[in-house]
Amino acid sequence: MHRTKIRVAEDALDANQTIARANREDFDRAGVAVVNLMSAPGAGKTALLERAIEAGLGETRIGVLEGDVQGSLDADRIAHLHVPVAQLNTDPGFGGECHLDANMVRAALGELPLAELDLLAIENVGNLVCPAEFRVGEDARAMVCSVAEGEDKPLKYPLMFRSCELVCVNKIDLLPHVDADLDRLLANIEAVNPDATVLMMSARSGEGVEAWRDWLAALPRRAAASA
Amino acid sequence: MHELALSRAIVNAATRHAGGRPVSAVHVRVGAMRQAVPTSLDFCFGLASRDTACAAARLEMEPVAALLRCPDCGREWDPAPPPLVEHGELPGNGLPALPSFGCPACGAGGEVVAGGELEVDWIEVEDA
């Protein structure tokens, strides 16, 4: 049997990138800025979105796409706040994937009134590994890291921490009760991503949530300026 | 743990370029900053390639060392922390050594020159 070598020289995730670009074109046409929000399970992504939406984002009209392996618990929470929301489950049809990819997001876009939004928050599946690999067409990536997870997480998951421009350090109300060393957490974030913006907050007490809300509200303007 | 997702992407890319022919080898360049564990990637490739054109293919992995460059002063460096001393002991202060994604000279965030790759470099197919 004859064997032939074929030069490919292609990023393995090229197919995802192509779909992500198509998503991005749709977002741009609709005039909506998109943030891909990531974290470990239970870090507080949904709670922080709730706090920001409850506090009001000014003129910025937000919609939310919730990504979970199963169930609509998060989308139900957001729906109570009377903003457009869609739930994307990776279990049926997507093999129970532990992350969102561009194709899954594309499949859910029809469920959201993009043209009526200024900002779409895509809450990824809770996971500090795979979501970092897959672009979905977002303008910005943000992550939540709660102090209860321990100060070593940036060192264990540098790919995730490096891929985000904003790190929300959440649950700071728990600092007196957990062993995490906040100074070392901040030093570790700085070590793996010196360019990251770091905001400290507590979704529970509301402390610091204002800066997170301001960051979200300003994203459409920032995205339009860089387009 | 993301090796399965990466393996699926590798299999899909290789299959697309194989044009329907069985693939006998897939050569990928794996950057140090992709956090892909070679043995895990190899194992997951075996799972992801089942019932595809890559089912009988061997996965060849070429590691690519990380290299960052400072956008301000041009200095280049490897962000990996120095290896832990023998027998798993931690350095003097008992803390793990930090990687350095900031420029050792001026502190600016480094741009990735190499080490971020996950590239299907070439494949080998069987002609009928």
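Predicted model: local features only at pLDDT ≥ 70, side-chain atom pairs only at ≥ 80, totals over all residues.
Residues are numbered from 1 along each chain as its sequence is written, and chains are lettered from A and ligands numbered from 1 in the order in which they are written.

- Twelve of the 16 residues of α1(B) are buried, so the helix is largely enclosed by the rest of the structure; a residue is buried if 20 or more other C-beta atoms, placed from the backbone, lie within 10 Å of its own, exposed if 12 or fewer, and partly exposed in between.
- Among these buried residues are E3(B), R8(B), I10(B) and H17(B), and what covers the buried residues includes β1 and α1 (14–30) of chain A together with β1, α2 (38–48) and β6 of chain B.

**Chain B as a whole**

- Chain B has two helices and six strands, which follow the pattern α-β-α-β-β-β-β-β along the sequence.
- Of the 128 residues of chain B, 34% count as buried.

**The side that touches chain A**

- In chain B, 32 residues are in contact with 30 residues of chain A, contact meaning that the C-beta atoms of two residues, placed from the backbone, lie within 7 Å.
- The elements of chain B that give two or more residues to this side are α1 (3–18), β1 (23–31) and β6 (118–127), and the largest share, ten residues, comes from β6(B).
- Strand β1 (residues 2–11) of chain A and β6(B) pair in the antiparallel sense over eight bridges, where pairing requires that DSSP finds at least two bridges between two strands.
- Within β6(B), I123(B) is the bridge partner of I6(A).

**A loop residue, A80(B)**

- A80(B) lies in the loop between β4 (76–77) and β5 (111–114) of chain B, and A80(B) counts as partly exposed because it has 14 C-beta neighbours inside 10 Å.
- Not counting residues up to four places away in sequence, A80(B) touches A32(B), A66(B) and P99(B).
- The C-alpha atoms of A80(B) and F101(B), 21 residues apart along the chain, are separated by 8.6 Å.

How values were computed
Helix = DSSP H or I, 4+ residues; strand = E, 2+ residues; numbered from the N terminus.
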